[in-house]
Amino acid sequence: MQDHTRREFLALTAAISAAGLVAPEGFGLRMASAQDAKPTSVGSGAGATPGKVVRIGLVGCGGRGSGAANDSLTANPNVKLVAMADIDLAKAKAARDALKEAHGERVDVTDERIFGGLDGYQKICDLKDVDLVLLATAPGFRPIHIAAAVGAGKHVFAEKPVCVDTAGYHICCAAHDLAAKQGTAIVTGTQYRRQPSFIEGIKRIREGMIGDVVGMTARYCSNGIWYRERQPGMSDMEYQIYNWMHFIWLSGDQIAEQAVHNIDIIHWVMGGPPTRCFASGSRWNRPADSEMWDSVSCDFEWANGKICSFTGRHWPNSDNQLDNVVYGSKGVAYLRAFDSGTQIYDHSGKELFSIKGNLGAAYRQEHKELVESIVAGKPIVELRQTAESSMMAVMGREAAYSGQIATWDFMTTKSKLDLMPKLVQIPGDAPAPFVRKPGEYRLQ
Ligand SMILES: NC(=O)c1ccc[n+]([C@@H]2O[C@H](COP(=O)([O-])OP(=O)(O)OC[C@H]3O[C@@H](n4cnc5c(N)ncnc54)[C@H](O)[C@@H]3O)[C@@H](O)[C@H]2O)c1
């Protein structure tokens, strides 16, 4: 039996709160922890340490967690993987063995340093010789894991999205401030930010190649996503975490879980979050117990009246489209997904700029920059930016679910949205799945 009790959750944010970086009140479970908190200590990573070997702990050993560890080991000759955790211990061990086969002695994870269960992340954060923690579980746990790792003075790599609700957003903002204050790094899994086709394209947009930016379209439209059938003997909680994509408290729905990449591009191009969002969507195609919608479309609006539109859908047998288009007074920029690169045209159709993309390199580049920043003693701290992009996705989702216009001010200063169940334990109960219906469901 594995427990993850309310008491443990409360302890997780204590370090952040203790640093005087308390999020707004009213978040009950995850934010009610300030009084008993003790000061944090900075871990082993702070300060310039040329030649240092950076020792990594991985939390969440699925496809991306293993991929992130592999990317870091591939990009950095001076890292070692020394600890791993996953709810499923067998999965963690299998990932360890595969990584060891690829990277030999640089994967040095003995059975004593590989943890199963819900509290494995805490055991990794407690290891004094771990410098950097990679976080790649189901997204709902991310703010808690970030809080624990930053609170323990670790450098962090956090996969996207970094939050799926308002409570998680505030934890991330507080963690960002604490990391900046104590000199520890946080890089996030928004790899387009490290892909030259996006960097160079957005640089040229900023330099005026398409004139004034008047708006933007972003799309994450694909054929679907995995669904993991319940296995015999699983409790409700075990099943929901296993099939996490389909439960909003764990994944945040498609708009947060997948499309945050595109929404982050909107955030990047526009230089920050919007003031409000009008959204719509549908659900007709999901398995019966899935809480996900099939589609969400949003108009994000800025104070100057500019609108950026997002369309997301999982429709079987439909055309995939994951590109971003920025409209300017003098031209149009296509910031395309994966390896398709960026092309910029004037309004006559003349090509002004073109560059190829390389997504695989971007996945490695984020780990290279992270580790280099740690060794140089100039830690990159970029959590707030990704927290804002993740919160934009939450804002769009909530606007669609409710049919109400969601403002940034409401979502970030008044909303009490906190999706984490009060008690998470395995075996255990889980919140009954439900599909949000506009008109019935309200912004909260
Ligand atoms: N940046 C990218 O392009 C990219 C690509 C794929 C996935 N991701 C992100 O990576 C994360 C993981 O995705 P994935 O595809 O690897 O999923 P996955 O289901 O393959 O792996 C998740 C793993 O986390 C474990 N887990 C879940 N909750 C846990 C907890 N509380 N403690 C310990 N282990 C836990 C699961 O057992 C599983 O092994 C997601 O946030 C996803 O959005 C990012």
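Which helix gives the most residues to the shell around the ligand? Before I answer, please keep in mind that this is a predicted model, in which local features need pLDDT of at least 70 and side-chain atom pairs count only at pLDDT 80 or more, while totals for chains, interfaces and linings use all residues. Residues are numbered from 1 along each chain as its sequence is written.

The answer is H4, with 3 residues. Among the 26 residues around the ligand, those that come nearest are Gly60, Gly62, Arg64, Thr137 and Gly189, where near is taken as a C-beta atom, placed from the backbone, within 6 Å of the molecule. Two or more residues each come from helix H4 (63-75) and helix H6 (120-126), helices being DSSP runs of H or I of at least four residues, numbered from the N terminus.

Turning to helix packing, H8 (residues 166-182) and H15 (residues 383-402) meet at an angle of about 170°, with their axes 8 Å apart, and they are therefore roughly antiparallel, a term for angles over 145 degrees. In this contact, which requires C-beta atoms, placed from the backbone, within 7 Å, H8 contributes residues including Tyr169, Cys172 and His176, and H15 contributes residues including Arg384 and Met391.

Lastly, helix H13 (residues 260-270) has 10 of its 11 residues buried, so it is largely enclosed by the rest of the structure; buried means that 20 or more other C-beta atoms, placed from the backbone, lie within 10 Å of the residue's own. Trp268 and Asp264 are among those buried residues, and H13 is followed by Gly271, whose phi is positive, near 80°.

Notes
Axes fitted to C-alpha atoms, helices over the stretch in contact; angles between N-to-C directions. Parallel < 35°, antiparallel > 145°, perpendicular 65-115°, else oblique. Contact = placed C-beta atoms within 7 Å. Buried ≥ 20, exposed ≤ 12 C-beta atoms within 10 Å, placed from the backbone.
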